[in-house]
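Student: Could we go through a few elements of this structure together? I should like to begin with a helix.

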Amino acid sequence: MFPNAAGATEFLRAFKRAVYPDDWKSLRGRPLPPVLLKTGGEGARAAQRWAQVLRALEEALRLDGRKAVSYARPQSWATGHPGEELLTLHVGRLLPVDPPRRTGKLKLRDFELVDQLVELARAVADEPDLDVPELQRSLSGRRLRDSVYELRADKADGGVLHKLAQLATPPEGAGAVVTTLVRLFGKPVCYKLPRRIWAWSWKRRLLKSKKYGWYARWLHISSPTGTFFDRVSDALTPQAVAMRGSAEARERALFELEKLLLRALLGDLHRRRAGRFGPWGRRRRTRRVVLLALPPNQANEAGATDAAGEAGTGGAAEARDVVRFLRAYRSAIYEPGSGSLLVFGVGCPDGYELEEPGQEWDWQRSTNLAVPAQQLTPMTPGRHTPRILQPTVQDADFEGGGLPVSALRPQGFPWGPRPEFGTELAAVTVALALAAYFVADWRQPPPDTHCLDGSPVAMRVEPEPLPGGPFAQGVLKGATVKDEYDAARQRIDELNERAVAAEKKGETVRKVVYLGSSVSADPEEAEYNGEVPELRGIWLAQARLNSEAAADPENSKVRLVVDVRDTGHNFKNAERVAQQVVAETKEGQKYQDHRTVVGVIGFSESRAETKAAAATLNDGRVPVISTTASANEMQEAGEYYRPLAPSNDRETRVEAKFAHSGPIIEESSDPRKNTGYCVSATRAVVVKDPTDLYSDDLGDRFRKNFPGPSSVMEYPGGVASSAQTAEKVCARMNEEGGQRTVLYWASRVENFNAFLNDYVGRTECAYRNLTVIGANELTNSALAGKFDFAKKWLRLYYTAHVLPVRHEDMSGEAERFTDHYAYYAGEDDPWFNDGHGPLGHDAVRVLWDATVDAKQSSEEQVDSVTVKSKLDNEIRFQGVSGVIHYQKANESKPPLDKALVIVRYAGNSPGLVLRCGAFSLNDERDASNWGPDGAYDCPQDTPN
């Protein structure tokens, strides 16, 4: 039974997800952090606890009396020499034992060779009658080659080598002639020649192979001479000599041997990795797990030995073996093959010295198992110090029955890999024969011209409250949009009051200012505004992060107070409010409490007013995280400004490629004759407002990126009215070639509604098919059903910042957000698929992470200055809207490859047509292509 600790259920789910991930490609990539679960206790009680947890985890890895997953408990094979056990030896020997049903044997050829070499070296080192020169001769490359080859040739299961060796020996009772012939030709041909070829194959495999030559890559052997056994002799001989020295020298030698064994094991695991092709690769869909007992790093305590049983005996010597293994694993954690391994230790890791210069760990300690459940994600090499997770299970959690752990059930197969391989080989042979037969009549298939309608997603949510949240279900609902806005502000005010009260008890609290526009009491006008979902996302982030800070026993995190400021209709007072915030920020630095401003979030629109306000805050040295303001000109505000949304340049590059390459325009102009087949756009008409910073920038960039001819119409900033604009657009559609013209709407959403009404009511193009591409500005009206009257003839595509709710590629963080959102705002909320809420949530998270980092660096000063310094470092985390990755010295650019989608308006449920960018830290299938069979590339940001 697993201890029923806080977050235990989520932790066990994360453990199973790590062992059997949703995406098998993650097994070929980045490694997971090792987990050292601290169970506490003393003496026999400590051993009983770690044995209980290890048994529970082992139960999850077994099914029907055998392994469901390849795993090893190396301490169960201890040889009785505590302090000198090379645990990697036992890991490599145990992983292939009892393979999961119908998956084939796990072959570890490199490891088996190094295993034999290391055992030979240890045996020679422990031979008291050999002096150093004799030891060196015994471990020469030729001696090692001959010894290992002899071991394999003598084994009955030695395969071809054993059978050839038998041919080199005269059979019993053979005559003199036969014996003479065998001695003259048998040994040179059947023993010495195969031995030479065998040694050459190891050199080619481990020293010359660019893909799998781990030994040459590890020791930087660029021009190998001699055999592999000569090179490994250079490594083994010094360690064998050192093992005869002092205790410290012997320990260093054992550490080097542990590293050698581990590199060989990882090399084999890399070869035996998961794959799409081949029956063996398709069966490798789980990580190999190493379960370690972590005895206390001290002398055995009374009673520990008998109680520990299969988990290990405890004591400093056994702990030294574990420390040696974990240090060796740290040295190779980013090597190929490590992504398919999960190291999980349970016991008393306090006092373990796992670091040495250049081989540090980023320790992630926690008392709530839900925290490491979120942190058990792949690590990126070269960007961060590798993490090591050390959650703690409290004494009280071992009381009671605990949680039963169900067994993992990886995908099963009706037969083993060999029969499947035979079947596939036969099928391929038949397919090649048929292809050869029909090749004379082969023609290039026509391109797929089915309209890009997207796939509507059935919105299924599971409303769930925030953990420990005291708020009632539906507290964000309201009769009108203004009521919902007021409800969100009230909830934020309540959290602010609790944060100030917590500050009086010694917790750290800082202020974040939100700058938003007014929400009109007019329901029609209010629906265009994204303030309500944005405030809801901010409140959800504040509640969650403040809860994490409250649960932190070390008080190393920070609670946030969110000060909501109304800057007027369309942000008309934004600059004046920004000046007030600058003054308050300077004044609040001396208090270092909830009055101290650490940054500003907001600016959901790119306008001249918001650009001026951002510049004011930059000049006042106040960090700004904007939500959905995407105009490139906003980035001119200065280095204190950070946008979250993809820039207009990135967005229009995607849209222009989509319009010119994708089949999006119906072949017929009559919606009654729609066939479901479409053509791409060869011309574009762009409608923009030259007086609007966002609209003008967006329209110009689309025209620049669209490969075909384009024309521009200025509305409403020009002289044309909505009716005149509708007539001009209709005229362009009636021109020769107008059938393949797309309308790109860069103006604001309220103007689009007026245009549609006049297009259908005042022009001869009424009720004809019209294809429109718009930006995120159209999302709210589309979701509110404003275009339902035109859905029969309007083919509308628009961009969004999040995947449709419950899309199969949604990250766990996004699903969690939507479940919380549904609980408090209702499952029928019109803003479910709007990006303002997720981006508001992520903006708070960015500032909170930087504020916590600043607090942990300097308790005395946590303000806008220190937070800005942390924002200048690399920031990378899983956000609700996708991966938030600000590079080091990012200046004022958006996150790298920020997620972007194009959705087709389809009434109640949007249909996802295209997605580009980084959506999940755990997903190596981040969208880099779109279209049928991924025919078109997504634009990629250039890293610093």
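Student: What span should helix α27 have at 1.5 Å a residue, and how far apart are its end C-alpha atoms?
Tutor: This is a predicted model. The 14 residues of α27, 812–825, should span 20 Å at 1.5 Å a residue, and the end C-alpha atoms are 20 Å apart, which agrees.

Student: How many of its residues are buried?
Tutor: Helix α27 is mostly covered, with 11 of its 14 residues buried. Among them are Phe-817, Asp-819, His-820, Tyr-821, Tyr-823 and Tyr-824.

Student: What do those buried residues pack against?
Tutor: The buried residues of α27 pack against α19 (531–551), α28 (836–857) and β22 (875–879).

Student: Turning to α19, at what angle does it pack with α17?
Tutor: Helix α17 (residues 481–503) and α19 pack at about 20°, and their axes are 9 Å apart. As angles under 35 degrees count as roughly parallel, α17 is therefore roughly parallel to α19. The contact includes Tyr-485, Ile-492 and Leu-495 of α17, and Leu-535, Trp-539 and Gln-542 of α19.

Student: Is that crossing left-handed or right-handed?
Tutor: The crossing of α17 and α19 is left-handed.

Student: Now the strands. How many bridges join β10 to β11?
Tutor: There are 8 bridges between β10 (residues 509–516) and β11, and the two strands run parallel. Within β11, Val-564 stands opposite Tyr-514.

Student: How many residues of β11 are buried?
Tutor: Strand β11, residues 559–566, is mostly covered, as 7 of its 8 residues are buried.

Technical notes:
Residues numbered from 1 in each chain as written. Predicted model: local features only at pLDDT ≥ 70, side-chain atom pairs only at ≥ 80, totals over all residues. Heavy atoms only, no water. Buried < 20%, exposed > 50% of the residue type's maximum accessible area, 1.4 Å probe, protein only. Helix = DSSP H or I, 4+ residues; strand = E, 2+ residues; numbered from the N terminus. Pairing = 2+ DSSP bridges. Expected span 1.5 Å × (residues − 1). Contact = heavy atoms within 4.5 Å. Axes fitted to C-alpha atoms, helices over the stretch in contact; angles between N-to-C directions. Parallel < 35°, antiparallel > 145°, perpendicular 65-115°, else oblique. Left-handed = near helix turned anticlockwise from the far one by under 90°.
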